[in-house]
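Good morning. I will go through one structure today, starting with its charged pairs and ending with its pocket. Please have a look at it first.

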Amino acid sequence: MLTGTLSKQTILNRIHHGIPLISDYLNLQEQIQPNGFDCTLRSVEILTSSAQISTDNSDRKLPDTELVKPNDDDYYELTKGPYLITLNEIVNLPKNIMALARPRSSLLRSGVSIHTAIWDAGYSGRSQCLLVNNTESIFRVKRDSSILQMLFSYTDSSVQEGYSGVYQHENIE
């Protein structure tokens, strides 16, 4: 039984053989890291309405969003507050691998945080995260910039049923 965080070589093997662990990346050599994979910014949306979470999904209401357009230099200029971001990369997790992600340290040093959920074994999709500018200053981020590092870990055994929630296959055209 394999456990632990996947190394660069294991991630590369899983990209090049079978269903790729991660695809639609921009530059494999730049994005692959010793212990993970740098994911990049595809788009930014602002939250424009209220949301609701309940005891079951029948009462869930996600907020409406509006696409933020980058300026002529391809930079998003983000004022203080939360933004829904979409990654370029598509993640395809087998039933024995899950993932976590952390923001790049340059974002933290800029007063910007990224919040993510857990990527469950069996998930496939182009994920979304919450980026928050915690400062009073405008934060400028260029489209396709590396913004978070995804870490992949083997589970102690394969799950019987992989992820099957409403976000399965999200944002895949």
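A search of the whole structure finds five salt bridges, where a salt bridge is a side-chain nitrogen of Lys or Arg within 4 Å of a carboxyl oxygen of Asp or Glu. Before I take some of them in turn, two notes on the source. This is a predicted model, in which local features need pLDDT of at least 70 and side-chain atom pairs count only at pLDDT 80 or more, while totals for chains, interfaces and linings use all residues. Residues are numbered from 1 along each chain as its sequence is written, and side-chain values use heavy atoms, with hydrogens and water left out.

One of the salt bridges joins Asp24 and Arg126, with the closest N and O atoms 2.6 Å apart. Asp24 sits in the loop between strand S2 (22–23) and helix H2 (28–31), and Arg126 in the loop between strand S11 (124–125) and S12, so the pair ties together parts that are 102 residues apart in sequence. Those element names come from DSSP runs, numbered from the N terminus: helices are H or I with at least four residues, strands are E with at least two.

Are these two residues buried or exposed? Here buried means under 20% relative accessible area, exposed means over 50%, and partly exposed is in between, with a 1.4 Å probe and protein chains only. Asp24 is partly exposed at 41%, whereas Arg126 is buried at 2%.

Next, the side chains of Arg143 and Asp74 meet in a salt bridge at 2.7 Å, N to O. This pair links distant parts of the chain, 69 residues apart: Arg143 is in the loop between strand S13 (139–142) and S14, and Asp74 is in the loop between strand S5 (65–68) and strand S6 (75–78). Arg143 counts as partly exposed at 30%, and Asp74 counts as partly exposed at 27%.

Glu77 and Arg140 also form a salt bridge, their closest N and O atoms being 3.3 Å apart. Glu77 lies in strand S6 and Arg140 in strand S13, so this pair ties together parts 63 residues apart in sequence. Glu77 is partly exposed at 42%, and Arg140 is partly exposed at 41%.

Now the strands. Which strand pairs with S9? S9 and strand S14 (residues 146–154) pair in the antiparallel sense over seven bridges; two strands pair if DSSP finds at least two bridges between them. Within this pairing, the bridge partner of Arg102 in S14 is Gln149. Five of the seven residues of strand S9 (residues 97–103) are buried, so the strand is largely enclosed by the rest of the structure.

On to the cysteines. A disulfide is a covalent bond between the sulfur atoms of two cysteines. Taking a disulfide as a pair of cysteine sulfur atoms within 2.5 Å, the count is zero. Cys39 is in no disulfide, and its nearest cysteine sulfur, that of Cys129, is 7.9 Å away. Cys39 is buried at 1% relative accessibility, and Cys129 is buried at 3%.

Last, the pocket. By class, the lining of the largest pocket has twelve nonpolar, five polar and two charged residues. Ala, Val, Leu, Ile, Met, Phe, Trp, Tyr, Cys and Pro count as nonpolar, Asp, Glu, Lys and Arg as charged, and the others, Gly among them, as polar. A pocket is an open set of points on a 1 Å grid over the protein atoms alone, where a 1.4 Å probe fits, with protein on both sides within 12 Å along at least five of seven lines; lining residues have an atom within 4 Å of a point.
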